[in-house]
Amino acid sequence: MKMRLQLILFCAFLAFNISAQKHVCGTSHEHMITERLMENKRNLDKIENRSMTRYVPVKFHRVGDGNGDGKVKISSILDQMCKLQREYAQIEMVPYFKDLFAELDNQGIYDSPGSSANAIVNSKVDDAINVFITENASTGQNSQGTTLGYYYP
C-alpha cells in the first residue's frame, strides 16, 4: 500500500511539473498527461510484482562553455548519484549511469539553457533521464531558475 501511494504521488508530482511547463515552453500537453496518468492509475492493480526493483537509466551531460571550460566536477555528479540511490532505495528504484557522462561544449546551453531548448533536445539520449548541468538555470527574467521538461509518449 505504501509503495502504491508513493507511486501515485510521484506520478501526480510529475504530471503537475510537466503541465506547469506549458507557460514556459508555450505548449500544452495537459490532456495527454492527464489521460496517461489516469491509465497508469487504472493499471496499477495489474502489476504482478510490485516489489520488483526498477532500474532507471540516467544520462548526465557535463556542459561547458564554447571552450569546454566550466564543467561541473565529476566527483559532484558521483555524490549526487549516490544521494539519488539512497533516496529512491526505499521505493525499490535504482538510478544508474547510462554510458557515464556526455561532454558538451555549447556556450548557449551553458549560459542560458532556457533559451537553448532545441540544442538540448538535439543532445539528449533516448531511453534515459537526461540531466544537463550548466553554469546557471536563469530564465533571464529575475526568476530563480527554470526546469526544462520534455515528454514524448
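Okay, quick definition to start: buried means under 20% relative accessible area, exposed means over 50%, and partly exposed is in between, using a 1.4 Å probe and protein chains only. By that cut-off histidine 61 is buried, because its relative accessible area is 2%.

Before I go on, this is a predicted model: local features need pLDDT of at least 70, side-chain atom pairs count only at pLDDT 80 or more, and totals for chains, interfaces and linings use all residues. Residues are numbered from 1 along each chain as its sequence is written, and side-chain values use heavy atoms, with hydrogens and water left out.

So where does histidine 61 sit? In strand 1, residues 54-64; strands here are DSSP runs of E, at least two residues, and helices are runs of H or I, at least four, numbered from the N terminus.

What surrounds it? Leaving aside neighbours within four places in sequence, histidine 61 is in contact (heavy atoms within 4.5 Å) with residues including Ala102, Val125, Asn130 and Phe132. With asparagine 130 there's a side-chain polar contact of 2.7 Å. Polar contact here is a pair of N or O atoms within 3.5 Å; within protein, one must be able to donate a hydrogen and the other to accept it, and residues adjacent in sequence count only if both are side-chain atoms.

Three strands form an open, parallel sheet in the order 2-1-3. Strand 2 (93-105) and strand 3 (129-133) are the edges, each pairing on one side only. Pairing needs at least two DSSP bridges; strand 1 and strand 3 have five. Also, valine 58 stands opposite isoleucine 129 in strand 3.
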